[in-house]
Amino acid sequence: MLRRSSRLDVAGYYNLQGEPVISYRETSTYRRPKRFAHDSRKDTTKKMVRFVPEAKEASGVRGANEASRNSINRWLFYMLFVCLGIVNFTLALSMNSNSLDTVLSRTEGLEQQVRMLQNEVLRLKRINELPPWDSMPNFALESQGARLLAHLSSKTYQSAKPTFSIPIWNFSIPFWRPTADPSIVTQGGPIMVGRCWPFHGERGHLVIALSHPVNINLVTLGHISKTVSPTGNISSAPKMFAVYGMKTKEDEGTLLGTFRYDQDGESVQTFKLSDQEEGVFSHVKLKVESNWGNPDYTCVYNFRVLGII
């Protein structure tokens with residue numbers, strides 16, 4: 001017969017037949033000191049038995065809540081990227097031709113500013129390299145003895161529209177602009193709007209008998225600037241031109257240089273000619289190859305020939 005413990009028997013560990021049974025009142029994980037009462041140990045055991053399942057359940061609930069919040073945060077993060085993509089795509093589709101024109105105009109404006117800066121640098125370099133034109137004698141000046149040979153030059157442009165008209169009673173009498181004199185180019189003086197020699201189209205030439213036979217070093221070409229032009233442009237200004245030295249007026253001429261007049265530069269621009277072995281000439285031909293866009297006529301305001309006798 002199995003030995004029975006009196007303490008377990010009191011605690012209800014055995015049934016009526018004397019067989020051991022499981023009692024939750026003895027599931028304490030630690031042994032109480034003997035000074036504590038038996039009833040107090042039983043209550044503590046019950047409390048711990050109830051606490052363990054509740055703690056596990058609460059821990060599981062907190063874990064589920066954290067997982068749910070993380071899932072929501074990820075979903076919101078992804079939706080933010082999707083919304084940004086939709087906005088960018090909508091903006092790209094909404095860009096119309098006006099927006100493209102604005103971008104292109106800004107680009108053209110930047111390119112124009114770059115060109116202006118480049119031209120200004122070239123102008124400053126030319127100023128530093130070349131002597132001032134007004135510090136040297138001009139051998140193409142009429143008051144000094146030079147003559148413009150109109151019969152060897154291009155024909156003067158004549159506008160078909162009258163310059164002004166005078167009203168008389170109910171009628172008006174039109175007056176045409178008088179034909180410009182090519183000698184304006186050699187008369188010198190200040191450059192004024194409209195005081196120029198125009199020729200037909202964009203290609204033309206003029207021949208000047210110099211005051212003295214000279215070794216030509218520099219020439220200047222003058223035109224009004226954009227700042228004083230009534231229309232804000234100088235499309236009738238020469239663009240590409242060439243200078244020929246002639247020993248006689250029947251001479252075909254020796255090419256001394258090809259140059260470009262800058263419409264954004266100074267009103268009077270100076271150009272250095274290439275050195276020539278036979279550089280003494282009595283006549284000079286100015287040959288304009290193109291202008292800055294005017295299809296009807298080209299204007300020459302002033303032309304100077306600088307050199308050494």
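How many bridges join strand 5 to strand 8, and do these strands run parallel or antiparallel?

1. The strand pairing. The model is predicted. In it, strand 5 and strand 8 run antiparallel and are joined by five bridges. Within strand 8, glutamine 269 stands opposite leucine 221. Strand 8 spans residues 268-272, and four of its five residues are buried, so the rest of the structure largely encloses this strand.

2. The nonpolar core. The largest nonpolar core holds 35 residues, of which Ile216, Phe241, Val243 and Phe303 touch the most other members. At least two residues of this core come from each of strand 4 (197-200), strand 5 (204-222), strand 6 (240-246), strand 7 (254-260), strand 9 (280-288), strand 10 (297-300) and strand 11 (302-308). Strand 5 gives the largest share, seven residues. As a general matter, nonpolar side chains in soluble globular proteins tend to be buried together.

3. The contacts of isoleucine 216. Leaving aside residues up to four places away in sequence, isoleucine 216 touches Leu210, Leu256, Leu273, Gly279, Phe281, Val284, Val305, Leu306 and Gly307.

4. The aromatic pairs. Five aromatic pairs are found when the whole structure is searched. In one of them, the rings of tryptophan 197 and phenylalanine 199 have centres 5.4 Å apart and planes at 45°, so this pair is classed as tilted. Tryptophan 197 and phenylalanine 199 are both buried.

5. A pair between strands 7 and 8. The ring centres of phenylalanine 259 and phenylalanine 271 lie 5.4 Å apart with the planes at 40°, so this pair is also tilted. Because phenylalanine 259 belongs to strand 7 and phenylalanine 271 to strand 8, the pair ties together parts that are 12 residues apart in sequence. Phenylalanine 259 has a relative accessible area of 12% and is therefore buried. For phenylalanine 271 the corresponding value is 7%, so this residue is buried as well.

6. The ring cluster. Which residues do ring pairs link into a cluster? The members are Phe241, Phe259 and Phe271. Phe241 is also among the residues that touch the most other members of the largest nonpolar core.

7. A lysine over a ring. Lysine 239 lies over the face of tryptophan 292, at a distance of 4.6 Å from the ring centre.

Conventions: Residues are numbered from 1 along each chain as its sequence is written. This is a predicted model: local features need pLDDT of at least 70, side-chain atom pairs count only at pLDDT 80 or more; totals for chains, interfaces and linings use all residues. Side-chain values use heavy atoms; hydrogens and water are left out. A nonpolar core is a set of buried Ala, Val, Leu, Ile, Met, Phe, Trp, Tyr and Cys residues joined through side-chain atoms within 4.5 Å. Buried means under 20% relative accessible area, exposed over 50%, partly exposed in between (1.4 Å probe, protein chains only). Contact means heavy atoms within 4.5 Å. Rings of Phe, Tyr and Trp (its six-membered ring) pair if their centres lie within 6.5 Å; planes under 30 degrees apart count as stacked, over 60 as edge-to-face and the rest as tilted. A charge sits over a ring if NZ of Lys or CZ of Arg is within 6 Å of the ring centre and within 35 degrees of the ring normal. Two strands pair if DSSP finds at least two bridges between them.
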